[in-house]
Amino acid sequence: MKIFVPGRLCLFGEHSDWAGGYRRLNPALEKGAALIVGTNQGLYASVKSHPNQLILRTSLSDGTRKEPFVLPMERPTLLAEAEKGGFFSYAAGVAYQAITHYRVGGIEIDNYLTDLPIKKGLSSSAALCVLVARAFNCIYDLKMTIRGEMELAYQGEITTPSRCGRMDQACAYGNRPILMIFDGDRTDVIELNVAKDLFFVIVDLGANKNTLEILSQLNQSYPIATNEVHRNVQKYLGSISFQITHQAVNAIQKGASEQLGALMEIAQTEFDKHLIPACPSQLTAPVLHKILNYEPIQPYILGGKGVGSQGDGTVQFIVKDEESQHQVMEIFERDFPQMKCIKLVIGEYSPSTNSSVVGEAYR
């Protein structure tokens with residue numbers, strides 16, 4: 001059996017998963033909302049059962065292969081490996097959760113191709129967790145829904161030292177956009193239709209940022225705001241982000257690319273206004289803002305904003321059409337060879353094409 005799992009891109013609503021989670025401690029906070037879509041790149045694997053071992057062969061995005069990772073399917077061993085952290089801890093964490101909650105044996109996964117950039121805010125670790133969860137689901141016929149696979153992947157990832165949010169495992173939905181609502185411990189997922197193809201360029205800025213520092217500083221504003229900086233963080237990650245994200249949902253379903261671009265500009269402006277004071281060392285992001293305003297790409301883009309936790313990590317642009325996508329990528333290759341571009345096309349989806357999205361595993 002072969003499986004493909006993409007990465008995931010947060011188009012709108014970054015940080016809203018953990019911020020919305022604080023409603024279990026402070027119900028006065030706004031719910032979180034995020035517009036998510038899978039990338040066109042991801043992890044390709046062939047999977048089969050094994051009587052008593054977890055075996056994982058992996059390929060990195062540069063084409064190199066790691067030595068096979070082999071562990072007995074025993075709870076104490078899997079848990080110990082997961083808690084150590086590191087590259088293989090994610091697979092061990094999901095396998096630990098699988099054997100804890102289901103009657104499963106071992107599994108052998110050959111991730112023979114990876115074209116998803118690693119550690120670039122595109123949830124490569126979550127994609128690996130979803131891959132392992134889906135492999136157990138398919139091989140042992142566990143009859144899990146996509147939400148079930150997401151939950152198993154999430155539980156597996158938080159078994160490791162990772163403190164991922166709930167939106168990361170949305171890559172389980174493939175390339176179809178979804179709206180995620182975060183209300184305390186509850187997460188709702190709404191699958192969206194798209195009226196026409198939309199074209200994006202995602203750029204790894206080739207710079208540095210400290211995601212742990214960003215999360216540490218922003219979390220100081222929760223659950224109760226004690227000063228003006230905290231109140232502004234809660235305001236943006238609450239009501240402002242919620243409103244912008246819902247406007248973006250309406251736009252993406254209409255195929256209104258220009259409106260999406262305008263909303264990206266508004267989101268970035270409001271993010272900067274409300275969040276930079278909470279973590280200026282990381283969120284001032286000079287490289288990100290230089291690229292957002294880079295003159296040669298302006299004729300081709302409709303809008304842009306930071307990706308993931310923001311900072312000088314990755315930027316996303318919605319562009320006018322396929323030719324504009326090509327032009328923007330050429331400009332980056334010419335002017336900023338240290339930056340790496342990938343393209344994203346959100347294809348037209350309607351209820352009649354839903355099955356092609358859910359069926360990411362194929363025999």
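A: A helix, as the word is used here, is a DSSP run of H or I that spans at least four residues, and helices are numbered from the N terminus. The model is a predicted one, and it holds 1 cavity of 30 Å³ or more. The largest cavity contains about 30 Å³ of space, and the residues that line it are Phe12, Gly13, Glu14, Tyr236, Ser241, Ile244, Thr245, Ala267 and Lys305. Helix H7, which runs over residues 228-254, gives the largest share of this lining, with 4 residues. By residue class, the lining of the largest cavity is made up of 4 nonpolar, 3 polar and 2 charged residues; Phe12 and Ile244 are among the nonpolar ones, while Glu14 and Lys305 are charged.

As for helix packing, the axes of H4 (residues 124-139) and H5 (residues 146-159) come within 8 Å and cross at roughly 125°. On the H4 side the contact involves Ser125, Ala126, Cys129, Val130, Ala133, Arg134 and Asn137, which meet Glu149, Leu152, Ala153 and Glu157 of H5. The residues of this contact divide into 6 nonpolar, 2 polar and 3 charged.

Key
Residues numbered from 1 in each chain as written. Predicted model: local features only at pLDDT ≥ 70, side-chain atom pairs only at ≥ 80, totals over all residues. Heavy atoms only, no water. Axes fitted to C-alpha atoms, helices over the stretch in contact; angles between N-to-C directions. Helix = DSSP H or I, 4+ residues; strand = E, 2+ residues; numbered from the N terminus. Contact = heavy atoms within 4.5 Å. 1 Å grid on protein atoms, 1.4 Å probe; cavity = no way out; pocket = protein on both sides within 12 Å on 5 of 7 lines; lining within 4 Å. Points joined across faces, edges and corners; volume = space filled by probe spheres on them.
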